[in-house]
Amino acid sequence: MSLDLPLTRNVRPDRAPTGFDAYEANGGYRGLRAAIGMSPADCLQIVKDSNLRGRGGAGFPTGMKWSFVPMDNPGGGHKYLICNADEMEPGTFKDRLLLECDPHQLIEGMICAAYTIQADVAYIFIRAEYHKAARLLREAIAVCYDKGYLGRDILGSGYTLDMQVHSSAGRYICGEETALISSLEGKRANPRAKPPFPQVSGLWGRPTIVNNVETLCNIHHIIERGADWFQALGLTEDAGTKLYGVSGRVKNPGCWELPMGTPIREIIEKHAGGMADGYQLRGFLPGGGSTDFLTPDHLDLAMDYGTIGKAGSRMGTGTMIILDDKTCPVGFVKNLMEFFARESCGFCTPCRDGLPWSAQVLDDIESGRGQAEDMDTLARQVEFIGAIGNTHCALAPGAMEPLQSALKYFREDFERHISGSACPWCDGGAH
Amino acid sequence: MSDRNDAALIPALSAIELTEIDAEIAHVPYRSAVAIDALKIVQAHRGWVSDESLRAIARHLDMSADELDGVATFYNLIYRRPVGDRVILLCNSISCWIKGCEGLREQITGQLGVGLGETTADNRYTLLPVTCLGACDKAPVMMVGDELHENVEALSLQAIFGDSGGDK
């Protein structure tokens, strides 16, 4: 059976970037021509009908997000489209593949998205460490200006769009869309209160859409081939394909485009080759460092938003992190908590002071200094910090997801640390 | 406007840096919006951002130096202290931790004689931790300068760092 895998069709085995000529020869920029031949309202309807959901982690319906952008623009001011290429969620390595292997795909998707919301300026906000991707994107954007795909009066349509790359300066919180906007304005990357939502008042107070790389890479395919085609790509109620990844102690760690709703077992056992020799699967985070653990009991679930949500976790970025039997679950969660504590923007107290407290309690337990009452302390922290609304943004509640599920599934391991005053695995937990 | 830095042999902001910063200002509605770009431009030329450069940038962007320093110190890849010729960004997030990044850090520390946040005596390397580098299938990973190194093992460190280190 030959699968239709639109996002990675130009990804070569050696991961060499696909240039403009090869991209266009393989059907590239047909979606752009299709889009500008339609009205923005028609484009929006197709994206809405496609049931595309945001691939950055939250899974919000893309068409609905766009529908809040005001389309009457009486003042004639700017509207912005921003690509969130700030990939930094622990265990997530999918956008790098799209950025480095097929930069024109992202640019075409962005032009179509910007046309739909009638944005006249587009930014690619890319993390500083992605030097190669930023260079490739700048080169590809320059080619597009030369070809008339960017700039004034794109392909004679009357539509004008400027696009540029903004290389960031670090910090995980920049991936939160309102923090990203703050950073793009040259400020500290503190998230903003909503409302107002960015669609109405975003970058420099103007209507702004922020979408993930993978989300935007889908847009021109959907506009060219239609909502029904996109829906049919998925195996379950969620549409399209998805870049799934597996890291940790499996035989073949990697990232693959597969139909949305592919069973977890198939991703881990077939594509990732199963567990590495000598290691057993104990659990996994399905979609990055801020998602709840699932266990081997969940292997036959479909990997999609709805199914993983019903199982008590989130599909997140779709890139799984494997916990094996020779890695300490307490050390695993401690590493994540130290990450989130370090990456707190410091704006609100529960996050700024709460996460380091959680990390300290976990360090005590991992180091053999844990007390029985530490389990109650962790449970209280999960309850308070994990509740949406007690913190300014979703960073701290996300940080609590691996902890709360580890307390559920690996409670006896925490208790063994405390009763034995030592980590049963080894000194640091990792090997 | 006079300033004690104007007399320094090395100006706090060079003509090239000013030209590059002004090119960024052309794209934005107000000058302070390019704060991060301006800091990165100066860092690209000098390796880090000194107090003198920070004050000069702030003046150029119509900001107070304290406000700009609040921005500069928020971002982990803006260096407010001198760094070595190349910065080592060692990923210590979860997938690299599972694959032994803590042992790798000890190896690097042993070979180069520096801990996290320190610069080698020969000024060639500064060792810093970094958030997940987005190459988790090739863990453990690190960057040396602009270059990503994947599946790093103790044995590969010699090839990466050559004969550096040891003699501090």
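This is a predicted model: local features need pLDDT of at least 70, side-chain atom pairs count only at pLDDT 80 or more; totals for chains, interfaces and linings use all residues.
Visitor: What makes A:Tyr172 and A:Phe340 an aromatic pair, and of which kind?

Guide: Rings of Phe, Tyr and Trp (its six-membered ring) pair if their centres lie within 6.5 Å; planes under 30 degrees apart count as stacked, over 60 as edge-to-face and the rest as tilted. The centres of A:Tyr172 and A:Phe340 are 5.8 Å apart and their planes make 70°, so the pair is edge-to-face. A:Tyr172 lies in the loop between strand S3 (162-167) and helix H8 (177-184) of chain A, and A:Phe340 in helix H13 (residues 329-343) of chain A, 168 residues apart. Helices (H or I, at least four residues) and strands (E, at least two) are DSSP runs, numbered from the N terminus. The search of the whole structure finds 17 aromatic pairs over all chains. Ring pairs also link A:Phe20, A:Tyr23, A:Tyr29 and A:Tyr149 into a cluster.

Visitor: Why is A:Tyr172 called buried?

Guide: Buried means under 20% relative accessible area, exposed over 50%, partly exposed in between (1.4 Å probe, protein chains only). A:Tyr172 has 13%, so it is buried. A:Phe340, at 0%, is therefore buried as well.

Visitor: What makes A:Arg171 a charge over a ring?

Guide: The rule asks for NZ of Lys or CZ of Arg within 6 Å of the ring centre and within 35 degrees of the ring normal. A:Arg171 lies over the face of B:Phe74, at 4.5 Å from the ring centre, so the distance is inside the limit. The charged end of A:Lys326 sits over the ring of A:Tyr279, 5.3 Å from its centre.

Visitor: Why is the pair A:Asp413 and A:Arg282 called a salt bridge?

Guide: Side chains of opposite charge can pair when their charged atoms come close. A salt bridge is a side-chain nitrogen of Lys or Arg within 4 Å of a carboxyl oxygen of Asp or Glu. The side chains of A:Asp413 and A:Arg282 meet at 2.8 Å, N to O, so they form a salt bridge. A:Asp413 lies in helix H17 (residues 411-420) and A:Arg282 in strand S7 (residues 281-285) of chain A, so the pair ties together parts that are 131 residues apart in sequence. A:Asp413, at 2% relative accessibility, counts as buried. Salt bridges that share partners join A:Lys334, A:Glu338, A:Asp363, A:Asp364 and A:Arg369 into one network.

Visitor: How do you know that A:Glu269 and A:Arg265 form a salt bridge, and where do they lie?

Guide: The N to O distance is 3.0 Å, inside the limit, so the pair counts. Both lie in helix H11 (residues 264-271) of chain A, 4 residues apart, about one turn of the helix. The structure holds 36 salt bridges over all chains.

Visitor: What makes the side chains of A:Thr317 and A:Thr92 a polar contact?

Guide: A polar contact is a pair of N or O atoms within 3.5 Å; within protein, one must be able to donate a hydrogen and the other to accept it, and residues adjacent in sequence count only if both atoms are side-chain atoms. The contact between A:Thr317 and A:Thr92 is 2.9 Å, so the distance is inside the limit. A:Thr317 has a relative accessible area of 5%, so it is buried.

Visitor: How many residues take part in the contact of chain A and chain B?

Guide: With contact meaning heavy atoms within 4.5 Å, chain A gives 54 residues and chain B gives 41 residues.

How values were computed: Residues are numbered from 1 along each chain as its sequence is written. Chains are lettered from A and ligands numbered from 1 in the order in which they are written. Side-chain values use heavy atoms; hydrogens and water are left out.
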